[in-house]
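Visitor: I'm new to this one, and I'd like a close look at a single part of it. Could you take me through it slowly?

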Amino acid sequence: MWRTRALSGAVAVMLGAGLTGLTGCSSGPATPSITVFAAASLRPAFTEIAEQFKTDHPGVAVEFNFAGSSDLATQLTQGARADVFASANTAQMDKVAQPGLLDGEAVPFATNTLVIVTAPGNPHAVRSFADLAAPGLAVVVCQPPVPCGAATRKVEDATGVRVNPVSEEPDVTDVLNKVTTGQADAGVVYRTDAINAGDRVVTVAFPEAAGAVNTYPVGVLKDAAQPGPAKQFVDLVTGAAGQKILHAAGFGKP
């Protein structure tokens, strides 16, 4: 009888020790996190919006993948996982919506307009879109599939002006960087990028840009790991607080 009790006690101690060990190894529940795929031009505004989101929803982290919208759309259609997609035009959002990857419909939340940026002082006296075709001027633009590149091509088609760029970049941030680092004389970017660059560039607006305004949509993805927080993020972007941040960054209303 004593032997049975002793064995029972030993098993109880071993189980208790095992459970204690397991409890000690547990790291607790993981912090909820949403992944947002967003156009490169949204980086400053969305970074600020994410800070507001984390204030409104403590304990929920926000991770970003900023890149050209065409690259992001390709990643998503090839199986990349995310909770939210914000594109710099409707065409790239359509590529994600058509295979049924969105949960509901995307919502327009901002617009953006092209401008020309040059080095400080505008040493080559660029005054118009037509000036970008001047011989010897090193111009950079976005690749045609990227929304900023598609908008640039639309202006070319409307004006008959053909720009001969020294490079076509995968996103608008790379275009801006080529100008600010002196690798190009001029570049075609969004108004918001020029504002964010401050005195590192001179901004040249051109009237033809009004015919190539890009509308930005945002949507929750069907396979979102965190659909609730994802919808809350979209609501923030489209709501008054998010719109205030976007307007301050230079975006227009949708």
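Visitor: Let's start with a charged pair and then move to the end of the chain: which residue forms a salt bridge with Asp 157, and how far apart are the closest N and O atoms?

Guide: That partner is Arg 162, and the closest N and O atoms of the two are 2.7 Å apart. Keep in mind as we go that you're looking at a predicted model. Arg 162 itself is partly exposed, because its relative accessible area is 48%. In general, side chains of opposite charge can pair when their charged atoms come close. The structure has five salt bridges, so let's visit a couple more, since side chains of opposite charge can pair in this way.

Lys 178 and Glu 169 make one of them, with 2.8 Å between the closest N and O atoms. Glu 169 is buried, as its relative accessible area is 10%, and under 20% counts as buried.

Lys 231 and Asp 235 join their side chains in a salt bridge, 3.2 Å from N to O. Both sit in helix α8, four residues apart, so about one helical turn separates them. Lys 231 counts as partly exposed, with 48% relative accessibility, and Asp 235 also counts as partly exposed, at 39%.

Now follow the chain along. Helix α8 covers residues 227-238, and helix α9 covers residues 240-248. Two packed helices are described by the angle between their axes and the distance between the axes. For α8 and α9, the angle is about 55 degrees and the axes are 4 Å apart, which means α8 is oblique to α9. On the α8 side, the residues that meet α9 are Leu 236, Val 237 and Thr 238. Their counterparts in α9 are Ala 240, Ala 241, Gly 242, Gln 243 and Leu 246. Sort the residues of this contact by type and you get five nonpolar, three polar and no charged.

Let's stay with α9 and ask which way its side chains look. Gly 242, Ile 245 and Leu 246 are buried. They cover an arc of only 100 degrees around the axis, so they lie on the same side of α9. What do those buried residues pack against? Their neighbours are α2 (43-56), β4 (107-112) and α8. Turn to the face of α9 that points away from the buried side, and you'll find the exposed residues Ala 240, Lys 244, His 247 and Ala 248. After α9 comes Gly 250, with a positive phi near 105 degrees.

For contrast, here's another helix pair. Helix α3 (residues 69-77) and helix α4 (residues 90-97) have axes that come within 9 Å and cross at roughly 0 degrees, so α3 is roughly parallel to α4. From α3, the contact uses Ser 69, Ser 70, Ala 73, Leu 76 and Thr 77, while α4 brings Gln 92, Lys 95 and Val 96. By type, the residues of that contact come out as three nonpolar, four polar and one charged.

Finally, step back to the whole protein. You can count nine helices and 10 strands. The protein has 254 residues, and 42% of them count as buried. Looking at contacts with a separation of 6 or more, 78% are between residues 24 or more positions apart.

How values were computed: Residues are numbered from 1 along each chain as its sequence is written. This is a predicted model: local features need pLDDT of at least 70, side-chain atom pairs count only at pLDDT 80 or more; totals for chains, interfaces and linings use all residues. Side-chain values use heavy atoms; hydrogens and water are left out. Axes are lines fitted to C-alpha atoms, for helices over the stretch in contact, and angles run from 0 to 180 degrees between N-to-C directions. Helices (H or I, at least four residues) and strands (E, at least two) are DSSP runs, numbered from the N terminus. Angles under 35 degrees count as roughly parallel, over 145 as roughly antiparallel, 65 to 115 as roughly perpendicular and the rest as oblique. Contact means heavy atoms within 4.5 Å. Ala, Val, Leu, Ile, Met, Phe, Trp, Tyr, Cys and Pro count as nonpolar, Asp, Glu, Lys and Arg as charged, and the others, Gly among them, as polar. Buried means under 20% relative accessible area, exposed over 50%, partly exposed in between (1.4 Å probe, protein chains only). The arc is that of the directions from the helix axis to the C-beta atoms. A salt bridge is a side-chain nitrogen of Lys or Arg within 4 Å of a carboxyl oxygen of Asp or Glu.
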